[in-house]
Amino acid sequence: MEEARNDSINETFGEPENDVVLEVKHLKKYFPIKSSFLRIVTGHVKAVDDISFKIKRGTTMGLVGESGCGKSTAGRTILRLLDKTDGSVLYNGKDIFKLSRKELRAIRPKIQIIFQDPYSSLSPRMPVGEIIGEAVKEHNIVPPAEYDDYLSRIMKACGLQEYHKDRYPHEFSGGQRQRICIARALALNPDFIVCDEPVSALDVSIQAQIINLLRQLQKEFNLTYLFISHDLSVVEHISDTVGVMYLGSLVEYAETEKIFERPLHPYTQALFSAIPVPDPDVKMERIVLEGSIPSPANPPKGCKFHTRCKVCKEKGMRVCEQIQPPYKEIEPGHFTACHLYDTDEETNEIERLLKELDRKEALKANK
């Protein structure tokens, strides 16, 4: 069974490539639900439910979706800040979850994260110089004699002044604090950085400064980003590829230009229809999603989006309610999970499965 699954992965994503920094294969992260008294596991919250993608060196992948869809959990699980439930995460061809404690410590400086909230992610009891340089000392990034000059160079690259070293986080604005968070990650000379909604807590003018800073640092240090955000305009501006998540699953993935020009999945189409157009003469055709997001502890059977999908309701597609659509490549580099793009062979197989389900339900009803 495991060999068949690996063959399927290689067929979809190909063999490991030298220019691929990160490759995620069938990653799952479930949180147990326990009863209040006996602490017995009664179910699981499927925060990340079987996602797969890869990011090439020096590029940015945007990960978008509604709040609570599992974007941040995916980012933290990829960095092994959370343990996985299943799947694998390959960093430069090595599975992060199979590394020993010593091996993991060796690559920790190379995989960093910029947290969403610049206020709570900085220690209020440490000056900025210590915050940025703490991990530099711990991992011996530079010799002690070069430590101060190294910190000054990193801070200058992030738009901070040398005299800021002795100041505390409460003395800075939100934008400056986020620059400190970026400097802390950059100081370890990383290859890959998870940017977990790094501009969502900032004003629009400051957002532009931080985005431009991230792009400038990417060119200067050849960085690779996983950019998590719900701001589609920002994602379109900074990303090379985009993945769309819904209820823990990846429903669409493609290059930025392809996915914004021709979104395939009904959820992606609804999400992108909310992007404001800066032209008063253009009439926006907004697709309003009805209902609320189902619980990740009890996701719908079949396609998770069918309870809110207009296409499913208008066409009466019973298959969406019963069978989960396969995540597959519709056109070169454009992946989606939707029954609208089933082939004739897949449709015939689905009809057979539906008849089998009907037969079992009939037998159950007779009993």
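In helix H2, the residues classed as buried are Lys-71, Thr-73, Ala-74, Gly-75, Thr-77 and Ile-78, where buried denotes under 20% relative accessible area, exposed over 50% and partly exposed the range in between (1.4 Å probe, protein chains only). The model is predicted, so that local features require pLDDT of at least 70 and side-chain atom pairs count only at pLDDT 80 or more, whereas totals for chains, interfaces and linings use all residues. Residues are numbered from 1 along each chain as its sequence is written, and side-chain values use heavy atoms, with hydrogens and water left out. Helices (H or I, at least four residues) and strands (E, at least two) are DSSP runs numbered from the N terminus. Because six of the eight residues of H2 (residues 71-78) are buried, this helix is largely enclosed by the rest of the structure. Arg-80, which follows H2, has a positive phi near 65 degrees.

Eight strands form an open sheet with mixed pairing, in the order E6-E7-E8-E3-E9-E10-E12-E11; strands pair if DSSP finds at least two bridges between them. Strands E6 (111-114) and E11 (328-331) are the edges, each pairing on one side only. From one strand to the next the twist averages 20 degrees, with axes fitted as lines to C-alpha atoms, for helices over the stretch in contact, and angles running from 0 to 180 degrees between N-to-C directions. Four bridges join E6 to strand E7 (residues 192-196) in the parallel sense, and Gln-112 stands opposite Ile-193 in E7. H2 packs on the sheet through contacts (heavy atoms within 4.5 Å) with E3 (60-64), E6, E7, E8 (224-228) and E9, and its direction makes about 150 degrees with that of E8. Helix H7 (residues 204-221) also packs on the sheet, touching E3, E6 and E8, at about 155 degrees to the direction of E8.

Six aromatic pairs are present; rings of Phe, Tyr and Trp (its six-membered ring) pair if their centres lie within 6.5 Å, with planes under 30 degrees apart counted as stacked, over 60 as edge-to-face and the rest as tilted. The pair of Tyr-246 and Phe-305 is edge-to-face, because the ring centres are 5.2 Å apart and the planes lie at 85 degrees. Tyr-246 is in strand E9 (residues 241-246) and Phe-305 in the loop between helices H10 (266-272) and H11 (310-315), so the pair ties together parts 59 residues apart in sequence. Tyr-246 is buried, with a relative accessible area of 2%, and Phe-305 is likewise buried at 2%. A tilted pair is formed by Tyr-253 and Phe-335, at 6.2 Å centre to centre and 50 degrees between the planes.
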